[in-house]
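Q: Please take me through a few features of this structure and how each is read.

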Amino acid sequence: MDYKRLAELLFPNVTQTPADMESLYPARQLPEGAKVTRFAPSPTGFVHFGGLFPTTVAERLAHQSGGVLYLRIEDTDARREVAGAAEGLIKTLSRYGIDFDEGAILDESGKVSDKGIYGPYKQSLRGPVYHVYAKQLVSEGKAYPCFTEAAELEEILSVNKKEEIKNTDWQAEAEARRAEMLKAREITMDEVEKNIAAGNPFVLRILADGDSERKIKFTDLVKGAMEIPENDEDFVLLKSDGIPTYHFAHAVDDHLMGTTHVIRGEEWLPSLAKHLQLFRYLGFKTPKYLHIAQIMRLDENGNKKKLSKRDMGANMDDYTEMGYCPEAVCEYVMTLLNSNYEEWRMQNPEKSYKEFPFNIKKMSVSGCLFDFAKLEDVSKNVISKMDADKVTDAVTAWALEFDAPFGKLLSENRDMAKAIFSIGRGGKKPRKDLATWRDAKPYMGFFFDEYYEVESPYPDKFPKEDIKSVLTEFLATYEPADDMTVWFDKIKSIAEKNGYTTDMKAYKASPESFKGNVADVSMFLRLAVTGKVNSPDMYSVMQILGKEKVEARILTMIEKL
RNA sequence: GGCCCGUUGGUCAAGCGGCUAAGACACCGCCCUUUCACGGCGGUAACGGGAGUUCGAUUCUCCCACGGGUCACCA
C-alpha cells in the first residue's frame with residue numbers, strides 16, 4: 001500500500017504539515033514548574049458537582065503554580081449540543097471561583113469568544129488542524145479509512161446482542177467487532193479509490209499496534225502506579241463528518257495548546273491506553289494525568305453510584321436556588337479534595353481557600369459520597385464569619401430571585417434586616433443559624449408582620465391567668481431605653497411576683513416545688529413577641545422590633561388568651 | 001463477561017511494619033444558658049475475608065469477596 005498516495009486521496013485539500021502546526025502553536029514560555037491545565041466540557045448542559053470537582057483541581061494547580069487555566073469547548077458531537085450551554089457553564093464556574101486566563105471565554109458583550117493564541121478553542125472550528133495530523137498518520141500507515149457505515153456496523157454487531165435478556169453478550173460482540181476490524185484493515189487502494197470517487201463517507205481508524213496481553217506501566221499523579229493493557233482496538237479518529245472523536249482531539253489539542261496536566265474523572269482510565277498510543281503515534285510528549293475519583297451518591301438499594309446529572313445535588317444552579325453560597329460550596333469541595341484542608345482552615349480561619357497549599361498527594365484515590373450534612377456544617381461556618389452587610393445583601397439578592405415578596409420586604413427595610421443579621425454576629429462564638437439563604441426566612445421572618453405567626457399555643461401546664469398576668473405586667477413596665485440588665489431584672493421580678501423562680505439551680509433540684517421558672521416566663525413573652533418558642537436574643541429582638549410592635553403583639557396575645 | 005480502579009466508624013478521613021488506630025461531620029449525654037444558635041467536656045462507633053512475608057501487620061505480597069468505572073462514528 002502506498003500510504004503517501006492514500007493520504008493524498010483522503011485529504012487532498014490538506015497542504016499543511018505537522019511542522020507548520022508546531023510553528024503556529026509555539027511552546028509556551030512559562031516559568032519552571034508552571035502548570036497548564038484546562039476545563040474541556042462538551043456544551044451539553046449545566047455544570048454539575050461532579051464537574052466542578054476536577055475543575056477546581058485544574059484551577060488550583062494552574063494558578064497556584066503561576067500557570068495557565070484555559071477553556072476548550074469540546075463540541076464535536078453536534079447532536080448533543082445545547083444552545084447557550086457554553087455561556088452558562090462559564091458563568092456558573094465563575095461563581096465558584098473558577099476564572100479562565102485563556103480560551104473560549106466571555107467577552108464584554110457576554111458572547112463566547114477566543115482569548116489567546118492557541119485557538120480556535122472550539123473543537124468544531126479546528127477541523128483543518130486535526131486533518132493535518134490525520135493525513136500525517138495515514139501517510140505513515142498508522143491510520144486507515146473505513147467505509148462501513150455506522151448503521152451497517154451496528155447491524156453486524158447487534159446480531160450478537162441478546163436483547164431479550166437485556167444482557168450484552170460481551171464476548172460475541174468483541175469477536176464480531178474484532179472480525180470487522182480485521183476485515184476493514186484489508187481495504188485495498190482500489191476500494192478506496194472507488195469509494196472516494198463515489199463520494200462515500202468514511203471514518204478514519206487508527207491502526208492499533210498494541211497487544212492486549214501486554215501491559216503498559218503508567219503512573220497517574222492521583223492513582224499512582226498502575227498497569228494497563230495495550231490498546232489493540234482500531235478506534236475511530238475522525239468521524240464520517242470529518243470531526244474528530246474525543247480521543248484524537250484530546251491528543252492533538254492538549255499537545256498543541258501546551259497542556260501539562262490533564263485533569264479528568266477516573267471514568268477516562270479505561271481509554272487511557274488509546275491516548276497513550278495516540279501520543280506515541282503522533283510523536284507528542286504525553287502530559288501528566290490526574291484521574292480524579294468520582295463523587296458518589298447512594299442509590300435506592302444503598303449502593304454507591306457515580307453522581308451524575310439529574311441526581312439530587314448535581315446541578316450547580318440548584319445550589320443557587322437552595323441558597324448555598326458559592327464560598328461554602330468551594331469550602332466543601334476543598335475539604336473533599338485535600339484531606340488536610342480542614343486542619344489548615346482551623347489554623348487559618350480568615351484566609352481565602354486559594355491561599356491553601358493544594359497538594360496532589362493529599363488527594364483521595366477513592367470516590368467519596370456527597371454529604372449534605374457536611375456541606376451544611378461547612379456552610380454555617382462560612383456564613384457565620386461574614387459580616388452583617390454581606391449577609392444582608394446576599395439574603396436579599398437570593399430572596400429577590402426566589403421569594404420576591406420576602407425580597408421586597410428585605411430591600412425596603414434594609415437597615416432593620418442588617419440589624420437582625422447583626423444579632424450574635426462577630427466575636428469569638430458567633431451564632432450559626434444559617435446554612436443557606438433560604439434559612440433566613442424561618443429564622444427571622446417573624447420580624448415582619450407579614451410573616452409573624454404564632455406557631456404553637458402555650459403549653460397547658462401553665463395557667464392562662466399566669467401568662468396573661470406576666471404579659472400585662474411586662475407591658476406596664478416595658479421601657480425600650482432600658483439596657484439589657486435592667487430589662488431582664490424587670491422580667492425577673494415579674495417572674496418572682498407570679499411565683500416563677502429565678503433560681504435555676506433550685507428549680508432544677510426540685511422542679512415540682514415551683515410553678516415554673518424565669519425561662520418559662522421568658523417563653524411567655526417570646527411566643528407573644530416572635531410567635532416562636534425559639535428565637536435569637538429577645539432583648540435584641542425587641543430593640544429592633546420597636547416599642548410599638550412589641551406592645552401591639554403582646555396586647556393581641558393577651559386578648560387572644 | 002473482559003479490563004481498570006478502589007475497600008479504616010453512618011459519612012469524609014489520618015495512618016505509610018510496633019499507636020490505648022487521629023481529627024471533622026452526624027448521633028447521644030453532660031455543662032454553660034431566659035429559648036434557640038454558639039461554646040466547652042465526654043460517649044457510641046472502624047482497619048471486608050483468607051493465606052503468606054516478618055519477631056511483629058491497618059500498613060508489604062497473593063487470592064477471594066464486595067463496591068465502582070468502562071467496553072460507541074458520546075464525551
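A: The axes of helix α22 (residues 518–530) and helix α24 (residues 547–560) come within 8 Å and cross at roughly 105°. The model is predicted: local features need pLDDT of at least 70, side-chain atom pairs count only at pLDDT 80 or more, and totals for chains, interfaces and linings use all residues. Residues are numbered from 1 along each chain as its sequence is written, and side-chain values use heavy atoms, leaving out hydrogens and water.

Q: Which residues make the contact between α22 and α24?
A: With contact meaning heavy atoms within 4.5 Å, α22 contributes Leu525, Leu527, Ala528 and Val529, and α24 contributes Val550, Arg553, Ile554 and Met557.

Q: Where is Ser65 found, and what does Ser65 touch?
A: Ser65 sits in the loop between α3 (49–64) and β2 (68–71). Not counting residues up to four places away in sequence, Ser65 touches Gly33, Ala34, Lys35 and Arg60. A polar atom of the Ser65 side chain lies 2.8 Å from the backbone oxygen of Leu61.

Q: How much space lies in the second largest pocket, and which helix gives the most to its lining?
A: Rolling a probe the size of a water molecule over the atoms shows where empty space is left. Here the second largest pocket holds about 410 Å³. Its lining has 20 residues, with Arg345, Met346, Asn381, Lys385 and Lys432 the closest to the centre. Helix α14 (372–384) gives the most, with 6 residues.

Q: Is the peptide bond from Gly119 to Pro120 cis or trans?
A: Most peptide bonds are trans. The bond from Gly119 to Pro120 is cis, with omega near -5°. Pro120 is in the loop between β4 (112–115) and α5 (127–139).

Methods. Chains are lettered from A and ligands numbered from 1 in the order in which they are written. Axes are lines fitted to C-alpha atoms, for helices over the stretch in contact, and angles run from 0 to 180 degrees between N-to-C directions. Helices (H or I, at least four residues) and strands (E, at least two) are DSSP runs, numbered from the N terminus. A polar contact is a pair of N or O atoms within 3.5 Å; within protein, one must be able to donate a hydrogen and the other to accept it, and residues adjacent in sequence count only if both atoms are side-chain atoms. On a 1 Å grid over the protein atoms alone, a cavity is a set of points where a 1.4 Å probe fits but cannot get out, and a pocket is an open set with protein on both sides within 12 Å along at least five of seven lines; lining residues have an atom within 4 Å of a point. Grid points are joined across faces, edges and corners, and a volume is the space filled by probe spheres set on the points.
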